[in-house]
Amino acid sequence: MSDRKLELDDYPLAETRPGEVRGARGLSLDDITLDAVMAGDVSMEDLRITSKALKQQAEIAQAAGRRALAANFLRAAELTGVPQEVIMATYELLRPGRATDKQVMMDAAHRLKSEFGAERMARFVEEAAYVYDRRGLFKTRY
Amino acid sequence: MQHDNTPGSNRWRRFDDWDQRPLRLDNFAVEDPENGFSAMHGAKDPAPGFRRNGHHISSMDGVAEEQFDMIDLFIARYHLDPDMIDEAMAMESADVARMLIDINVPREKLVRLAHGMTPAKLAEVVAHLNSLEIAFAYSKMRARATPGNQAHVTNAKDDPLQLAADAATAVAFGFDEIETTMRVSRNSWSNALACCVGSAVGRKGTLFQCSSEEAEELQIGMAGFTSYAETVSVYGTEGSFIDGDDTPWSKAFLAAAYASRGIKMRCTSGAAAELLMGFHEAKSLLYLEARCLCMQRAMGAQGTQNGGIDGAPLAASMPGGVRELMAENLIAVWLDLECASGNDARSSESEIRVGAKILPFLIAGSDLICSGFGSILKYDNSFNPSSFNGEEMEDYLVLQRDFEADGGLTPRGEETLLAIRKRAVEAMSAVMEELDLGHPDEDMKASVAVASGSDDTRSYLPGQVSSISADISQREITVLDAIRALHQRGFEEEAENLLFLVKLRLSGDYLQTSAIVRDGKVISAINDPNRYDGPGSGYRMSEQRRAEIANIRGVLDQREVLRTEATYESAEAGRVTYRNMGKAKKGSDTREVVVGLSPAFGTRLFRTLAGHSLSQVLGEIRTGIEQAGAIARFVRFGHTADTSFLGLSAARLAGSGVGIGLQAKGTAVIHQRDRLPHNNLELFSNAPITSLQHYCSLGRNAALYASSQDVEPVVVPTRGEALGARFHGRVALIYAIETGLTRDGAEPEELAIELTGAAS
C-alpha cells in the first residue's frame with residue numbers, strides 16, 4: 001500500500017481494497033467466513049476495527065471537507081487500543097460531578113497518554129478538566 | 001353530531017362540533033418569549049457576532065470569552081472554522097437565505113459558509129425562509145441522495161418472539177434502520193438479541209440500535225448485537241446539559257468511543273428539550289437548537305437525530321412551532337450532518353396535522369425521514385406513539401404513491417409478510433433453544449406470528465424476559481453465539497446476514513456521513529452525494545422503484561370489474577328478460593313515461609353501485625310510475641351513455657314529454673323534452689346510496705310531472721361520505737364499458753321487459 005492520502009474514490013474501503021481490511025487480530029474480510037465462525041476461529045476481537053482503518057476513514061472524511069468528523073476518527077483511532085473498562089471509566093469520569101477535583105481528570109489524561117499513546121484524547125480530557133474547573137463542575141451531584 | 005335543540009342556546013352549535021374533534025385534545029400555548037415559548041424569537045436570543053485574535057475566538061454572539069459557558073467554549077474551539085468565519089459572518093443573512101434556495105449555488109459552497117457561522121447567525125439566516133423555502137432548501141442541502149427511513153420495534157411485554165417477528169417485518173417494508181427500547185430497562189440485552197436476530201431475516205444490512213443507558217448501550221454494541229447508536233443527546237443550555245448527566249466533552253468522548261468500536265453513531269437534540277427541562281434561558285427553540293447542532297458537528301458526530309424529538313409536541317403548541325422544526329432540520333443538513341429528521345413522537349391527535357407535517361419531508365426526501373416510524377401498533381411503542389405507527393402504515397405507503405415520492409418503504413403482500421414473521425419467530429426460537437435461554441412452545445410461536453400487537457400474543461411476559469436478559473448479559477453471549485446458533489439450526493441465510501452486518505465494522509465505511517446499506521453495499525454522502533441543481537437533478541426514482549411504490553394492495557382494473565359483474569349475470573338472467581321490439585318511435589299517449597336505458601344496462605353490467613340488481617331497480621321504477629297512474633315504456637339507447645342525454649332522449653320519445661335516463665351503475669335523471677340537456681327536473685347522482693325506495697319515488701315523481709301535478713323532489717340523503725373516493729375508481733371503469741358500447745347514429749330500441757319476479 002502506498003503512503004498517499006486516501007481520496008473519495010478509495011471509498012468504500014471494503015469494496016476498493018477488501019484484502020487490506022483486517023480485524024484487530026489480523027484476519028481479513030475474506031477470512032471471516034461462516035465456516036470459520038463455526039470452527040471457533042473467529043472471536044469478537046476479530047470484529048474490532050483497527051486504528052489503521054479509522055485513520056484511512058479520517059483521510060476520506062478530510063478529502064470530503066469534513067474536518068471535525070476526521071478529527072473524531074483520529075481520536076477514535078487512539079481509543080482502539082484502550083480496553084473497554086478504561087473507556088467506560090474515562091467516560092464516567094467525564095460526566096458532570098463524577099470527578100471532584102481537576103487532578104483526578106489530569107491523572108486519567110496522563111494514563112491515556114502514557115499507557116495507550118492516546119495523545120489527542122489525553123489533551124481533550126485535560127481541556128475538559130480545565131473547562132470543568134472554570135464552570136464549577138467539580139461538585140457532588142448525588 | 002346530534003345537537004340539543006332546546007331554544008335559547010347562546011352558543012353557535014358548530015363549536016360543539018369542533019369541541020368533539022381530536023384536534024381539541026392538543027395543547028396550544030401563547031407566544032411568551034420571556035418564558036421560553038418562542039419558536040424563533042426568544043427574549044434573550046443574541047444578535048450574531050464574533051471577535052477574534054488570530055485563530056482565537058474572543059467573543060461569540062454577544063458573549064465575551066470570559067463569560068463563555070461550556071457550550072460556547074466547545075463551539076468556539078471546535079466548530080467555528082477560522083478560515084471561513086470572516087467571510088461567512090460578514091454576509092447579509094437575507095442574502096445567504098437566498099443562496100440556500102438558489103439552484104445555481106452549489107451545496108458545497110453553502111456548507112463551507114455554515115462552518116464559519118455562529119449559532120445565532122445560522123438561526124438568523126434560516127428564519128428568513130418560509131416553510132416552502134425551508135423544505136426546498138432541505139431537499140437541496142441534505143447530504144445523501146437516496147432517501148431512507150427508520151422504524152421503532154418495541155412491544156408492551158418486551159416479548160423477544162414478537163420483537164424478532166416485528167423486526168423482520170420492518171426490514172421487509174424497507175426500513176434502513178430499526179431502533180428498540182424496553183418497557184423494563186433491565187430487559188435491554190434480551191431486546192437487543194431479539195431485534196438483532198429478527199433484522200437478519202429476509203435481507204441483509206439493516207442497521208439496528210438499542211436505546212438504553214449510555215454506558216450499557218455501548219456494552220451491547222461491543223457484544224455485536226447493535227450496529228449504531230443514536231441517543232447521544234446534547235442540549236442547548238449548560239443547565240440542561242448537566243441535568244442530562246453529560247457535558248460536550250463527555251459526549252464527544254462517547255462519539256470517539258463508538259467509532260473506536262466500529263459502531264455508527266449520531267447525536268440527538270431537538271426543539272424544546274431545554275424548555276421541558278426548565279433551563280431555557282428565555283431563548284428561542286431555534287437558537288438553542290442551532291447551538292446543539294454546532295456542538296454536534298464540533299464533536300465530530302457524522303449526524304443528528306433532530307427536528308423536535310420528545311419536545312415536538314411542545315414545539316407544535318407554539319405559533320410557528322412546526323415551521324421551526326423544519327428550520328432546525330435545515331440547519332442540520334446545512335452543517336453537513338446526516339439528519340434523521342424527527343417526525344417521531346406524535347405531535348398531535350389530529351390526523352390532518354400529522355399528515356401535513358410529514359409531507360414536506362416526504363417530497364423533499366431525508367436521510368431518515370422518520371427518526372422512528374412506529375412499525376408496531378401505538379400501544380406497543382415503548383418510546384411513545386410516533387407520528388406514523390403500525391396503524392397508519394398503509395396511509396404512508398399511499399402518500400408515497402400519491403406524490404411519487406420515495407419515503408423509503410415498499411408495500412408488501414399478506415403472504416410475504418406472514419411467511420417472514422413465521423420465519424423470524426422460528427429463527428428466534430432456535431437461538432433461544434440453542435443458547436438455553438428458553439423453549440417457546442408452538443402456541444406461543446403461532447400466537448406471535450399472526451399478532452397485530454402484543455394484546456394478541458400468548459408469549460413471554462416482562463418478568464420472564466428479565467431473567468433471559470440477565471442470562472445473556474452474565475454469560476457474555478455475543479453476536480457470534482447467535483450466528484452459530486442460527487447456523488446450527490439451519491438458518492443459513494440469517495447467519496450469513498448477521499455475519500455481514502458485524503463485518504461492516506472492520507472497514508468503518510458506514511461511519512462516514514449518512515451511511516446506510518442498500519443491496520449489500522454501503523452508500524453514504526461520499527459515494528451517493530446529493531447534488532441538486534434544478535429539475536432533473538438530485539434524487540429521482542427509477543422506473544423499477546416507482547413500480548414498487550405504486551404496487552399497493554386492493555387496486556382495481558377493468559378486467560377485475562368485468563369479472564365481478566359476470567358473477568351476477570346468471571342470477572340476473574333468471575329474473576328479467578329484455579326483448580328487442582325494433583326501433584323505438586315517439587309515443588302519443590300523454591300518460592306515457594319513457595325509461596331510457598344505457599348501452600351496457602343488463603347486457604354487460606348487472607348491478608348498481610349500491611348493489612341493487614338492475615331487475616329490482618326496473619321493477620321499482622315501473623311500480624312508481626304505474627302507482628301514480630302513468631304508463632311505463634322502456635327504450636335502450638346506443639348513441640349515448642350520458643345520464644342527461646339518456647333522460648332527454650327518453651323524454652323526447654315519451655307522449656307525456658317526460659322521461660327517465662338510467663345508467664347501469666344506478667345514476668338516474670328525470671327529464672323533460674323542452675329543457676336543455678344539463679338542466680333536468682331531478683337528478684339522482686349519488687348511486688351508491690340510492691335505495692330501492694328512492695327508485696320507486698323517482699318513477700312516481702316522473703309520472704306526476706307527466707300529469708303536471710305539484711311534485712316534492714326526492715332527496716337522497718348523504719352523511720358526507722367521500723363518495724368520489726369510495727367509488728370513482730370503479731365508476732370510471734364501469735362507465736368506460738358503457739361508452740365503449742356507444743355508436744354514432746344508433747337507433748333507440750323498444751324493449752319489452754319481463755320481470756319474472758324471482759327475486760324482486
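Visitor: Why is Trp334(B) called buried?

Guide: This is a predicted model, and the call rests on a count. Trp334(B) has 27 C-beta neighbours inside 10 Å. A residue is buried at 20 or more. Therefore Trp334(B) counts as buried.

Visitor: Where in chain B does Trp334(B) lie?

Guide: Trp334(B) belongs to helix H16, residues 321-334 of chain B.

Visitor: Which residues does Trp334(B) touch, not counting residues up to four places away in sequence?

Guide: Contact requires C-beta atoms within 7 Å. With residues up to four places away left out, Leu110(B), Val111(B), Ala114(B) and Met141(B) qualify.

Visitor: Which residues does Ala164(B) touch, not counting residues up to four places away in sequence?

Guide: Under that exclusion, its contacts are Ala194(B), Val197(B), Gly198(B), Ala424(B), Val425(B), Ala427(B) and Met428(B).

Visitor: How many residues of chain A are in contact with chain B?

Guide: On the chain A side, 48 residues meet 51 residues of chain B. H4(A) gives the most to the chain A side, with eight residues.

Visitor: What is the make-up of that side of chain A by class?

Guide: The side of chain A that touches chain B has 35 nonpolar, seven polar and six charged residues.

Visitor: Which domains is chain A given?

Guide: The domain assignment lists domain 1 (1-80) and domain 2 (82-142). Their C-alpha centres are 28 Å apart. Four residues of domain 1 of chain A contact seven residues of domain 2 of chain A. By class, the domain 1 side of that contact has two nonpolar, no polar and two charged residues.

Visitor: And which domains is chain B divided into?

Guide: The assignment gives domain 1 (50-138), domain 2 (150-226 + 343-524) and domain 3 (558-755). Between the C-alpha centres of domain 1 of chain B and domain 3 of chain B, the distance is 70 Å.

Definitions and conventions. Residues numbered from 1 in each chain as written. Chains lettered and ligands numbered in written order. Predicted model: local features only at pLDDT ≥ 70, side-chain atom pairs only at ≥ 80, totals over all residues. Contact = placed C-beta atoms within 7 Å. Helix = DSSP H or I, 4+ residues; strand = E, 2+ residues; numbered from the N terminus. Nonpolar A, V, L, I, M, F, W, Y, C, P; charged D, E, K, R; others polar. Domains from an automatic or database assignment. Buried ≥ 20, exposed ≤ 12 C-beta atoms within 10 Å, placed from the backbone.
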